There are 2 protein chains.
Amino acid sequence: MARTTGSHAGITGPKIRQTALRLFAQRGYAAVSMRMIAAEVGVQAGALYNYTPDKQSLLVDLMRGHLEALLAAAVPAKGDPLAQLEQFVSFHIRFHADRPDEVFIAYMELRNLEPANFTEIEALRRRYEDRLEKILHDGAAAGVFEVTDSKIVTLAIIAMLTGVNTWFRDGGRLSLDEVVAQYWDMVRKAVGA
Amino acid sequence: MARTTGSHAGITGPKIRQTALRLFAQRGYAAVSMRMIAAEVGVQAGALYNYTPDKQSLLVDLMRGHLEALLAAAVPAKGDPLAQLEQFVSFHIRFHADRPDEVFIAYMELRNLEPANFTEIEALRRRYEDRLEKILHDGAAAGVFEVTDSKIVTLAIIAMLTGVNTWFRDGGRLSLDEVVAQYWDMVRKAVGA
DNA sequence: CAAATTAATGAACATCCGTTCAAAAGCAAA
DNA sequence: TTTGCTTTTGAACGGATGTTCATTAATTTG
């Protein structure tokens with residue numbers, strides 16, 4: 001046997017990325033073999049190398065794709081700092097809740113990146129954090145927030161918001177709207193607004 | 001060759017646990033082989049099996065040890081809810097900052113636990129979370145906190161506090177005392193106290 | 001319909017994996 | 001010093017790992 005009937009790069013390629021994403025998130029990068037991915041796609045392991053130069057690139061591409069989508073979607077808000085902060089909180093929770101697997105990978109598999117890849121991915125994440133820090137810094141300068149160390153507050157808020165992903169499930173006790181409302185309430189109070 | 005000069009279970013045993021802890025935290029459970037651990041301990045892979053029945057037990061024992069130490073150290077505080085909450089925040093940050101590798105493993109390697117082990121470890125973590133929830137619930141009942149959903153607030157605070165471990169380094173810009181003070185400020189405001 | 005291109009197979013590569021175990025050597029007690 | 005216990009070696013087990021590549025079949029192009 002060789003090429004199979006109905007095989008197309010436009011179908012197999014995305015399937016491989018989706019499957020790798022799901023398996024990496026479920027079991028961890030190191031615990032997933034190329035043969036596992038291939039089996040779920042319905043293909044032999046060798047075929048994966050028509051779509052990725054190696055396993056590491058599969059991981060890096062997923063991470064980069066996620067973080068670039070995050071940066072593209074998180075357009076800096078207009079309006080006063082309080083409105084900007086509210087929009088950031090709402091956006092962060094909703095965007096992350098929509099992509100649990102991507103978020104999981106981007107936070108948990110950093111140590112499996114080769115140094116050059118780690119640097120690149122970390123820079124992308126940093127750019128996102130800077131967006132929040134700017135809001136807090138501007139708000140503090142304008143006297144709207146009680147924030148003396150905007151770096152710490154940035155990291156604290158992001159950790160808190162991203163933590164939603166560890167427990168939130170669609171169809172659970174709370175709707176996403178309710179979650180957003182509750183977290184916004186906590187964040188607003190925490191920054192003294 | 002066989003038994004080596006100066007070899008003792010009282011030395012090799014702890015060394016194995018320490019090395020496994022460090023390597024699991026640095027590279028991840030699945031990416032660490034028994035031969036790697038053995039090499040760093042200065043022993044052949046077979047010798048590890050005098051100290052653990054298998055690799056999985058090495059991981060579970062490290063997690064259980066950490067969580068049991070956490071529960072033993074986190075004695076329920078006396079005093080009013082506000083003082084209890086302050087003590088919890090301070091304790092959590094300090095205890096976790098002291099044990100970055102244990103914390104990392106206990107949060108990141110859950111998916112590498114066999115189902116029965118996962119259930120056991122998850123129950124221990126839940127017992128710890130319940131300590132904070134009780135404080136928040138009591139404080140809300142006493143009218144000291146503005147907290148309507150104590151479960152959500154519990155998870156949000158724990159995520160925020162544990163997030164310290166992702167960036168805090170001894171000898172960095174901030175001392176642990178300063179970190180504790182800043183986070184306590186945020187938590188106090190967030191619960192409306 | 002023929003030729004060119006695309007997409008997959010399946011075997012092979014060297015290496016690593018967790019784990020077992022008989023044999024050997026150091027140590028402690030008599 | 002001899003005996004018995006403790007601790008480790010080193011080889012071996014079957015199987016899994018990431019990756020390469022000649023071959024072949026399906027599809028697209030002309």
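By what turn and what shift along the axis can chain A be laid on chain B? In this predicted model, a turn of 180° with a shift of 0.0 Å along the axis does it, and the RMSD is 0.0 Å. That is the relation of a two-fold axis. The same surface serves both copies, since 100% of the contact residues of chain A recur in chain B.

Here is a short tour of how the two chains meet.

**Extent of the interface**
- On each side of the interface there are 33 residues in contact with the other chain: 33 in chain A and 33 in chain B.
- About 2,600 Å² is buried between chain A and chain B, and carbon and sulfur atoms give 60% of that area.
- Within chain A, the residues that lose the most area to chain B are A:Arg111, A:Ile152 and A:Lys189, which together make up 26% of what that side buries.

**Charged and polar pairs**
- Six salt bridges are counted between chain A and chain B.
- A:Arg111 forms a salt bridge with B:Glu109, and their closest N and O atoms are 2.9 Å apart.
- Ten residue pairs are in polar contact across the interface of chain A and chain B.

**What chain A brings to the meeting**
- Four helices of chain A each supply at least two residues of the side that touches chain B: H1 (9–27), H5 (100–108), H7 (150–162) and H8 (176–190).
- H7(A) gives the most to that side of chain A, with seven residues.
- By residue type, the side of chain A that touches chain B divides into 18 nonpolar, seven polar and eight charged residues.

Technical notes: Residues are numbered from 1 along each chain as its sequence is written. Chains are lettered from A and ligands numbered from 1 in the order in which they are written. This is a predicted model: local features need pLDDT of at least 70, side-chain atom pairs count only at pLDDT 80 or more; totals for chains, interfaces and linings use all residues. Side-chain values use heavy atoms; hydrogens and water are left out. Copies are superposed by least squares on the C-alpha atoms of residues with pLDDT of at least 70 in both. Contact means heavy atoms within 4.5 Å. Buried area is the accessible area (1.4 Å probe) that two parts lose on being put together, summed over both. A salt bridge is a side-chain nitrogen of Lys or Arg within 4 Å of a carboxyl oxygen of Asp or Glu. A polar contact is a pair of N or O atoms within 3.5 Å; within protein, one must be able to donate a hydrogen and the other to accept it, and residues adjacent in sequence count only if both atoms are side-chain atoms. Ala, Val, Leu, Ile, Met, Phe, Trp, Tyr, Cys and Pro count as nonpolar, Asp, Glu, Lys and Arg as charged, and the others, Gly among them, as polar.
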